[in-house]
Amino acid sequence: MADTVRLMHYDPRWPQEFQQTRSGILHSCLGWVIDVQHIGSTAIGGMISRPVLDVVAAVRDDDDAQQAIAESTDMIEGLNFRRVTTPMWAAEAIVLCKPRSGEPTHRVFLTYLNSPFYRSSIAVRDALRRDRELSLRFEETKVTRWRKGAGQPQRYADDKSVFFAHLIEHHAG
């Protein structure tokens, strides 16, 4: 992980980058992954973000889910991703970052369709897209906390988690 968190203004190339990532995952996972969604701040038009494209990739929640997760993990790693430690807030997911070394530019959360993590990620993204006032409040909170924490990764993550908990409580129920 980087020594400090870097934030930047919205990059209009992020949606295209997501489409390319989505296509690569769906193609390489040979039907195991059935849905790929753009989540996180880079999925919210105009929002200041960490320049890391967050994606949730889902397999069916059925008897083959464990095999689908294992197969898909191997296939996504073949796309220049590396498996990393899963944060507590994403406990139902396997997390893979790209590139294999250095500061991540992409992060895939591999989980099963309709897992609590999948549902809350989509609900928060949709709430931020739908409610401009809410997204501006989130952006302001994020930038303020980033400044107060001098870009320290753990403090930045901890401070954001409080806001996300509130969003999940009110929008992912």
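Helices (H or I, at least four residues) and strands (E, at least two) are DSSP runs, numbered from the N terminus. The model shown here is predicted: local features need pLDDT of at least 70 and side-chain atom pairs count only at pLDDT 80 or more, while totals for chains, interfaces and linings use all residues. Residues are numbered from 1 along each chain as its sequence is written, and side-chain values use heavy atoms, with hydrogens and water left out.

**View 1. The whole protein, from end to end.**
Let us start with the overall picture. The protein has five helices and five strands, and from the N terminus on they follow the order α-β-β-α-β-β-β-α-α-α. The C-alpha trace spans about 45 × 35 × 30 Å along its principal axes. For 173 residues, a compact globule would have a radius of gyration near 16 Å, and the protein agrees because it has 16 Å. (That radius is taken over C-alpha atoms, and the globule rule is 2.2 Å times the number of residues to the power 0.38.) Of the 173 residues, 43% count as buried; here buried means under 20% relative accessible area, exposed means over 50%, and partly exposed lies in between (1.4 Å probe, protein chains only).

With a relative accessible area of 1%, valine 55 is buried. Not counting residues up to four places away in sequence, valine 55 touches Phe18, Thr21, Ile25, Val36, Gln37, Ile39, Arg107, Val108 and Phe109; contact means heavy atoms within 4.5 Å. Look for valine 36 in this view: it is 19 residues from valine 55 in sequence and 6.8 Å away in space, C-alpha to C-alpha.

**View 2. Arginine 107 in strand 5.**
Arginine 107, one of the residues touched by valine 55, is found in strand 5. Its relative accessibility is 23%, so arginine 107 counts as partly exposed. Setting aside residues up to four places away in sequence, arginine 107 touches Val52, Leu53, Asp54, Val55, Val95, Leu96 and Cys97. Between arginine 107 and leucine 96 there are 5.7 Å, C-alpha to C-alpha, and the two are 11 residues apart in sequence.

The peptide bond from lysine 98 to proline 99 is cis, with omega near 0°. Proline 99 is found in the loop between strand 4 (94–98) and strand 5 (106–112). Asparagine 114 lies in the loop between strand 5 and helix 3. Although asparagine 114 is not a glycine, it has a positive phi of about 70°. Its relative accessible area is 44%, so asparagine 114 is partly exposed.

(The expected span is 1.5 Å times one less than the number of residues in the helix.) The buried residues of helix 3 are Phe117, Tyr118, Ser120, Ser121, Ile122, Ala123, Val124, Arg125, Ala127 and Leu128. When you trace them, keep in mind that an α-helix has 3.6 residues a turn, so residues three or four places apart point the same way.

**View 3. Alanine 150, between helix 4 and helix 5.**
Alanine 150 sits in the loop between helix 4 (132–148) and helix 5 (153–171). Alanine 150 has a positive phi of about 55° although it is not a glycine. At 55% relative accessibility, alanine 150 counts as exposed.

**View 4. Arginine 6, ahead of helix 1.**
Finally, turn to arginine 6, placed in the segment before helix 1 (14–28). Arginine 6 counts as partly exposed, at 47% relative accessibility. Leaving aside neighbours within four places in sequence, arginine 6 is in contact with Ser49, Arg50, Pro51 and Glu103. Arginine 6 and proline 153 are 147 residues apart in sequence, yet 9.3 Å apart in space, C-alpha to C-alpha.
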